[in-house]
Structures are given as C-alpha cells and as structure tokens.
Amino acid sequence: MTMHSRCVIRGSINIDEFFHVKKIVRPGETISSLELSRQAGGKGANQAVALAKAGANIVSLVGSVGEDGRWVVEYLKDSGVDVADIQIIPEPTGRAVIQLTDDGENSIILFKGANYASHPKKSISSGVTHVLLQNEIPIEDTLTYLNAQADASAFPITIFNPSPMLSDAEIELFTWNKLSWLIVNEGEAFDLYKSLSGDTPDIPIPDVNGSSFVNIPAYSTLFRLSSCIPKTNIVCTLGAAGVLALVPSLQETADASTALNSDPIFLPVAKLQNGVIDTTGAGDCFTGYLVAGLMKLHDEGVKALRREDVMSILKRCVQAAGMCVEKRGAMESIPLAREVDAMMH
Ligand code: ADP
Ligand code: NA
C-alpha cells in the first residue's frame, strides 16, 4: 500500500546578514565590514529546505515575511517547498545580523519581525500526516499546530525541535502528550529535564543491557527526560559525538529479550571527507532528514516502528549532517538525497 505523506511546518523565515569584520565591534566603536552577504535562514525555512532536499514530496511552510523577503520565498519555492501559505505583510522580514571574524568568532542580533505577526492559517489541511515545529514563532501558534487534527480519523505525527529553548512557563503550557518526536541537542535535553522534573530529586538510572551507554554522559539526561515525557520518542544530537535516541514507540520483534524499548540507540557521526568547516545548520539538516525518513516509512505503509527502521533513518541523518558541516553556510550546505545516498554505498 502506498500512502502519500504531507508535512506542514509552521515556522520562522529569516534573512541572515553576514558582516565580515576583523574584530567584533565594541561598545561605542564604529567599524567597517569587509564584505556583506545575505542568505535565507530561520529554523522553519532551514528545516523545510532540508526536508525537500531529503526527498520528501509535499512540504508546506506556513509563515510570514515582509516585502523585503520576496526573494526568500522564491528561493524556498525553487528548493521544492510549497510556499502557498507564506503571507507577505507590511512588516520587515525576521533578521539575523551576524558579525563574523576570520577566526570564526561571531556575534548575532536577532529581530523577530514578521515571524511574530498573526497568521490567518490556524488549522492544518486535510491529508497532513506530519507536523514539524520549532520555537521561533509565537508559542500559541506552535501549540495550535501541535494540537491540530487534520482528519476526523487520525492525529498527525508531530515533531518538535525546541530551539531556542522554551521558558519554564511555556514548558508548563506545552501539550507534551501530543508530541510524537522531540529532537534536542544535549544542552536542550538538560534544560528541558530540569524544568520538567521541577524539584524532584534526580531519577535513578537503571543498568542498560551491555551497559556501554552508561559511559555516554548524555545517556542519564536523556533517560531522565524520557521518564518525564514517557510516550514521546526523543532524539538527542551530540554534536561531534553523534546521536542518541530513546524510542518508546518501538514495536519490538522476536528478539525482544535482547533489546528493550528502554534501550537507547546510539550512532557515531559520519566519517568526514574534508573536516569540519561550519556547523551552522547541521541540526536543521539532521531534523529535515529525520522527518523525511518518517514520511518515507509512512508512505511504505509501515505502522509498527522497528529498531532497524529507526537505525537506518538515523544513519542517513548523520551522513547528511556530516556533509552539511563540511560546507560553509546553513541552507545551501544541506546535501541532496542522492548526494547522501551516494556516500552511503
Ligand atoms: P545543534 O546544531 O542543533 O546543536 P548538533 O551540534 O548536535 O546540533 O549537531 C547535529 C548533528 O550534526 C550531529 O548529531 C552530527 O550528526 C552532526 N555534526 C555536528 N557537529 C559535527 C562534527 N563536528 N562532525 C561531524 N558531524 C557533526
Ligand atoms: Na554548514
């Protein structure tokens, strides 16, 4: 049976402006930039492009830009993103003003702009199977999409990347029981666990089969976070150390005695060809490939998630993210599915 998955992303769209400077400007100082470059950005837009490049068929981005952002919308469209629900409003497009030095130091000013404007689309269209969210738009809108039902029969699969981190009040408001997949880095995992567990003392960590995971420092954080939101699958990216996932919705097969749902999945990073150039966008690239992998399973009619399915999706994610860190830039450094697949053979 072939299904047709559709993903909607309610998220941010930015113009990233890079000022190439000798040194980061100090208070009261005026300096000249050697170069100015402009790129499309914002987590919503980055992840939408990653999904489209990863081969997901229908990827719709719901968001807002100003008149100054028309070229960004064109760029997204050319990248394969459905832009019909991007509204153009009389407010400036969200911006990141980035000072970059040759030593790789940076300092960033963010302006939310149009990303925080009210958007008329408050529900998801019929046929949407996946909803992908970040935290660069008003939290009310994120929650509206998290709780939305596309069809009377089913809720979509929801994926959330809490970046930037939510406030304690937002974490309390958040409908965690509606969340299928959480994608965090190590710092975000720790912050979320601390906030969700409140004053309860640290939850004890059981011995894991084979127990090699216990040596990964993030394991205890991930395990504790998972015990706060037990139904949500959690994928924790560890930068150069790879990725760790706890997937409670796994359907274990015959050899269930050797692998429990509570056993984490670990994958190291991909072998790089050229070394690390620029890690911006790696997390967004990873997320896009993860959701594309989930959509592919859905299209294949897979209902029961198996450990090997998750492993093979994550393998593709680390390969794609590895290729992303070998290139400068965020969106434009995200590799195409065929480039990723070519490296995996
Ligand atoms: P974020 O940018 O969201 O904090 P991470 O830094 O954890 O996310 O990176 C996301 C993924 O990108 C990692 O899981 C890994 O696969 C890849 N990655 C990041 N840094 C490196 C690196 N130095 N070498 C190889 N892969 C990397
Ligand atoms: Na990059």
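Predicted model: local features only at pLDDT ≥ 70, side-chain atom pairs only at ≥ 80, totals over all residues.

## Reading the labels

H7 gives the most to the lining of the second largest pocket, with 3 residues.

Q: How many residues line the second largest pocket, and which lie nearest its centre?
A: The lining has 26 residues. Phe155, Pro156, Ile157, His298 and Lys303 lie nearest the centre. The space in this pocket is about 670 Å³.

Q: What classes of residue make up the lining of the second largest pocket?
A: The lining has 14 nonpolar, 8 polar and 4 charged residues.

Q: How many cavities of 30 Å³ or more are there?
A: The count is 1. The largest cavity holds about 30 Å³ of space. A cavity is a set of points where a 1.4 Å probe fits but cannot get out.

Q: Which residues line the largest cavity, and what class are they?
A: The lining is Trp181, Leu290, Leu294, Leu305, Val310 and Ile313. By class there are 6 nonpolar, no polar and no charged residues. Helices H7 (282–299) and H8 (307–325) each supply at least two of the lining residues.

Q: Why is Val310 called buried?
A: Buried means under 20% relative accessible area. Val310 has 3% relative accessibility, so Val310 counts as buried. Val310 is found in helix H8.

Q: What coordinates the sodium ion (ligand 2)?
A: The donors are Asp278 (O), Thr280 (O), Cys324 (O), Lys327 (O), Gly329 (O) and Ser333 (OG). Their distances run from 2.5 to 3.1 Å. In sequence the donor residues follow the spacing D-x1-T-x43-C-x2-K-x1-G-x3-S.

Q: Why is the arrangement around the sodium ion (ligand 2) called irregular?
A: Six donors count as octahedral if opposite donors are over 155 degrees apart and all others between 65 and 115. The 6 donor atoms here subtend angles of 64 to 165 degrees, so the arrangement is irregular. Ideal angles for six octahedral donors are 90 or 180 degrees.

Q: Why is helix H1 called largely enclosed?
A: In helix H1 (residues 43–53), 11 of the 11 residues are buried, so H1 is largely enclosed by the rest of the structure. Among the buried residues are Lys43, Asn46, Gln47 and Lys53. Just after H1, Gly55 takes a positive phi of about 105 degrees.

Q: Why is strand E10 called largely enclosed?
A: In strand E10 (residues 181–185), 4 of the 5 residues are buried, so E10 is largely enclosed by the rest of the structure. E10 pairs with strand E9 (residues 157–160) in the parallel sense over 2 bridges. There Ile159 stands opposite Trp181.

Q: How do you know that E8 and E9 pair?
A: Two strands pair if there are at least two bridges between them. E8 and E9 have 4 bridges, in the parallel sense. Leu132 stands opposite Ile159 in E9. Strand E1 (residues 6–10) also pairs with E8 in the parallel sense, over 4 bridges.

Q: Which way do the residues of strand E8 point?
A: His130 and Leu132 point one way, and Val131 and Leu133 point the other way. All are buried. In a regular strand the side chains alternate between the two faces of the sheet.

Methods: Residues numbered from 1 in each chain as written. Chains lettered and ligands numbered in written order. Heavy atoms only, no water. 1 Å grid on protein atoms, 1.4 Å probe; cavity = no way out; pocket = protein on both sides within 12 Å on 5 of 7 lines; lining within 4 Å. Points joined across faces, edges and corners; volume = space filled by probe spheres on them. Nonpolar A, V, L, I, M, F, W, Y, C, P; charged D, E, K, R; others polar. Donors = N, O, S within 2.8 Å, 3.2 Å for Na, K, Ca; no water. Tetrahedral: all angles 85-135°; square planar, octahedral: opposite > 155°, others 65-115°. Buried < 20%, exposed > 50% of the residue type's maximum accessible area, 1.4 Å probe, protein only.
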